[in-house]
Amino acid sequence: MAELQFREALRDAMTEEMERDDTVFLMGEEVAEYDGAYKVSQGMLDQFGPERIIDTPISESGFTGLGIGAAIMGLRPIIEFMTWNFTFVAFDQIVSNAAKVRYMSGGQARVPIVMRGGNGGAGQLGATHSNSVEAFYSNVPGLKIIAPSNPDDAKGLLKAAIRDDDPVLFLESELMFGLKGEVSDDEDYVLPIGKARIAREGDDVTIVAHSKSYWLAMEAAEELAKQGVEATVIDPRTIRPFDTGAVIDSVKQTNRLVIVDESQPFGGIASEIGFQIQQACFDHLDAPIERVTAKDVPAPYAKNLIEAWMPSVDDTIAAAKRTLYM
Amino acid sequence: MAIAVEMPKMSDTMEEGVLVAWLAEEGASVSAGDVIAQVETDKATMDLEVYDDGVLLKRVVGEGDSVPIGALIAVLGDEGEDVSSLVSDYGGDGAAGSVADVEPAAPAQQENELAPAGLEGKAATAQAIDAPAPSAQPLGGNPAGGGPAGGASRAGDTGAAGTTAEGYGHRPDGSEPTASAASGAAAPADGERVKASPLARRMAEEAGLDLAQIIGSGPDGRVVKRDVESAVEGGAAAPPAPARPAQAPAAQPVRPSAPKTEAAPAASPVEAGGQDLRITQMRKAIARRLAQSKFTAPHFYLTVDVRMDAAVGFRADLNALAEGRGLAKVSYNDLITKACAVALGRHPMVNASYLEDEGVIRQHQGAHVAIAVAMPEGLITPVVRDADRKGLSQIAAETRELAGRAREGKLDPSEYAGSTFTTSNLGMFGIAEFTAIINPPNACILAIGAIKDVPVVDDGAVVAGKAMTLTLSCDHRVVDGAAGAAFLGDVQGMLETPSLMLL
């Protein structure tokens, strides 16, 4: 096991896949000459050259469309977005083309593309640069959405995403690129898409949280343990297809569910998980399902306000206690 | 532009507010933040602030009027501005309109009883605005107010008195009133349904426990997993909810202030002062179940005087025998329990339950007699099972043991569930006779009065005798007059000739 930063794990995954398969290439703003806005692709230009590590103009709609076309024609592009906020100008390409070409062509064309970049709030970036897009895109059948919380999952799942024959949206976080963690040394480390990880086991309450929120959930779980409450923490890792079964199994044990989700509450990931679980586990629930999300307003800029807006450890503890009538 | 001032929601549970006093005159200039009136909510009397600058053009409601949240209280605007369209917007589509929509019959009925003028539509609104209802007028007289609106939209709540058979005749859909509809209208939905988490509901069902008998410790008395667990483990009273910080009043727009005596509202529903006791879960359960019983089971009452001379002698003989054998002494109540149990076996219609949900009247196999026992904070009804098959000493011992633990709150829920008949005895307090409310799902309850010395005529001579009055409350859905009378006659016969119990 090597300890790697999240960005290094991503780089290793891309590098290994590019070495393995010469149809894989990386394209995005500043991925080549500048080594990536967040240094994810550092050194890759030197290794693979400008034909496979391609700098683009600031034109998400253009290079996303280019990537989708390349994928249809048989290549396996990795598109890096500086952040997912900027995909809204490429929304039509992602929703109308990437997600639907295989369906509308009756399976004649496939779109084996990976789009990746930073997602969600990352400090004082203002309302337009703090979006969490998992709810938007997971609303679209035809897209797979992955949002890992640690370098090990990032590597194993990015390799799986690159090999997948369908469009995969890979959500990272600017705040987590420097996060260090042990990463498997396995020669070809690929994790299954759509499989949750049980990070912690407890009998009292189940907490589901992905990406950055996972760390809030773990901290809340440790704090709850000091108060005698043992939480199971589930990191779904993949948002769609969602591993509902893992959550169902856990909720049947704990009878309580808290979902921590940085997206907006209305129609968010937490809403969807909450719906599925109440339907599958109705007779097992001892309390209403709780969710901890961003507040239902655009992200504020001021430091104190953005902190209040984001889900927090305290919010998570309070939600867990509500499910326990504490 | 005219600005509407509406009745704000000043507390979590507020549904309507009483405008206690106006603090600003019509025509006065007001600024945002000024207090223009005082409003009494279900919790406190609070200041009503305006959020805009302007002239108070119209005070729409009178002092003492109760109006629902969202109803128009006042209109602000520029001097001389016409407010009639704004007011009629509220009048036409607001409270008065909703009354007509919800239950056409209610306003008409209210009209006959209360209203000095028509209550329909804009005519009524205009009337109210031109001549604000005097504060002494009943609530129902104010079209914008909570009276008729409350009665119609929350018939179960405030309109209980109006939920007579006649009222059901006016159901908008013209359907026949069913018992469940009647119960729905008669008691608020909240009081009707036992709140329980889905898990608790399933666990109780699996354990064969009646949810209604379990005291919930969750919000609003919700029965949750831990309550069912402790019920299964045997504590009758669930543990108190874990200490929770007192709920801060949610987002009160303005500070509460003490009620001003000079502005005491004529229509104040309950006088403030005295001591408020929190409604315990047991009291809630009593309230819910007994209200449900009284409002859904049509009660009728049969009263009989029982000569107890023979029973007095019979009991003395029994107890002399019991004492020598170390058996429990038999009380009059035990004799009555036994007599009832034996009679129940002979009168299956009395030993029955009206189970509407299942579409059946269930005649029970065993005669399980519950006995009402007073507790410090309420009462509970432990059950002597198969009392018809038990000897008097055994009934005496069981009853004493159950009652003792009942008073300590240590009964297992299974020990106070599953009765088929109930008795309630207030004789020890010298009560001569009374009527009791049926303990659902029983069909009948027997109210037992004191044994008194009475003059009786025996062979033409007045001699001293002993008598007791029994009153049987019957659920007419199950038991008809003759059936109840036959049962009560049997009980009377067995008490007057106790050896009949042994036949």
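1. Conventions. Residues are numbered from 1 along each chain as its sequence is written, and chains are lettered from A and ligands numbered from 1 in the order in which they are written. The model is predicted, so local features need pLDDT of at least 70 and side-chain atom pairs count only at pLDDT 80 or more, while totals for chains, interfaces and linings use all residues.

2. Confidence. The model scores ipTM 0.74 and pTM 0.50. pLDDT is the predictor's confidence in each residue, from 0 to 100. Chain B averages a pLDDT of 76, and 71% of the residues score at least 70. The pLDDT is below 50 over residues 92-191 of chain B, a stretch that has 151 contacts in the model beyond near neighbours in sequence. It is also below 50 over residues 235-265 of chain B, where the corresponding figure is 53 contacts. Two residues are in contact if their C-beta atoms, placed from the backbone, lie within 7 Å. Where pLDDT is low, the predicted coordinates should not be read in detail.

3. Chain B overall. Chain B has 16 helices and 19 strands; helices (H or I, at least four residues) and strands (E, at least two) are DSSP runs, numbered from the N terminus. Of its 503 residues, 39% count as buried. A residue is buried if 20 or more other C-beta atoms lie within 10 Å of its own, exposed if 12 or fewer, and partly exposed in between, with C-beta atoms placed from the backbone. Among contacts in chain B between residues at least 6 apart in sequence, 65% join residues at least 24 apart.

4. A sheet in chain B. Six strands of chain B form an open sheet in the order 10-19-18-17-13-16, with mixed pairing; two strands pair if DSSP finds at least two bridges between them. Strand 10 (299-307) and strand 16 (383-384) of chain B are at the edges with a single partner strand each, so one side of each has no neighbour in the sheet. Strand 10 of chain B runs antiparallel to strand 19 (residues 461-475) of chain B, and nine bridges join them. One bridge pair there is B:His299 with B:Asp475.

5. Strand 17 of chain B. Five of the five residues of this strand are buried. B:Phe421, B:Thr423 and B:Asn425 point one way, and B:Thr422 and B:Ser424 the other way. Strand 13 of chain B runs parallel to strand 17 of chain B, with three bridges, and B:Val369 has B:Phe421 as its bridge partner. Strand 17 of chain B also pairs in the parallel sense with strand 18 of chain B, over four bridges; B:Thr422 is there the bridge partner of B:Ile445. Helix 14 (residues 332-346) of chain B lies across strands 13, 16, 17 and 18 of chain B, running at about 155° to strand 17 of chain B. Axes are lines fitted to C-alpha atoms, for helices over the stretch in contact, and angles run from 0 to 180 degrees between N-to-C directions.

6. B:Met308. This residue is found in the loop between strand 10 and helix 13 (309-325) of chain B. B:Met308 is buried, with 22 other C-beta atoms within 10 Å. Not counting residues up to four places away in sequence, B:Met308 touches B:Ile451, B:Lys466, B:Ala467, B:Met468 and B:Leu495.

7. A sheet in chain A. Seven strands of chain A form an open sheet in the order 3-2-4-5-7-6-12, with mixed pairing. Strand 3 (53-55) and strand 12 (238-240) of chain A are the edge strands, each pairing on one side only. Strand 6 (residues 144-146) of chain A and strand 12 of chain A are antiparallel, with two bridges, and A:Ile145 stands opposite A:Arg240. Helix 3 (residues 60-72) of chain A packs on the sheet, touching strand 2 (24-28) and strand 4 (76-83) of chain A, and its direction makes about 160° with that of strand 4 of chain A.
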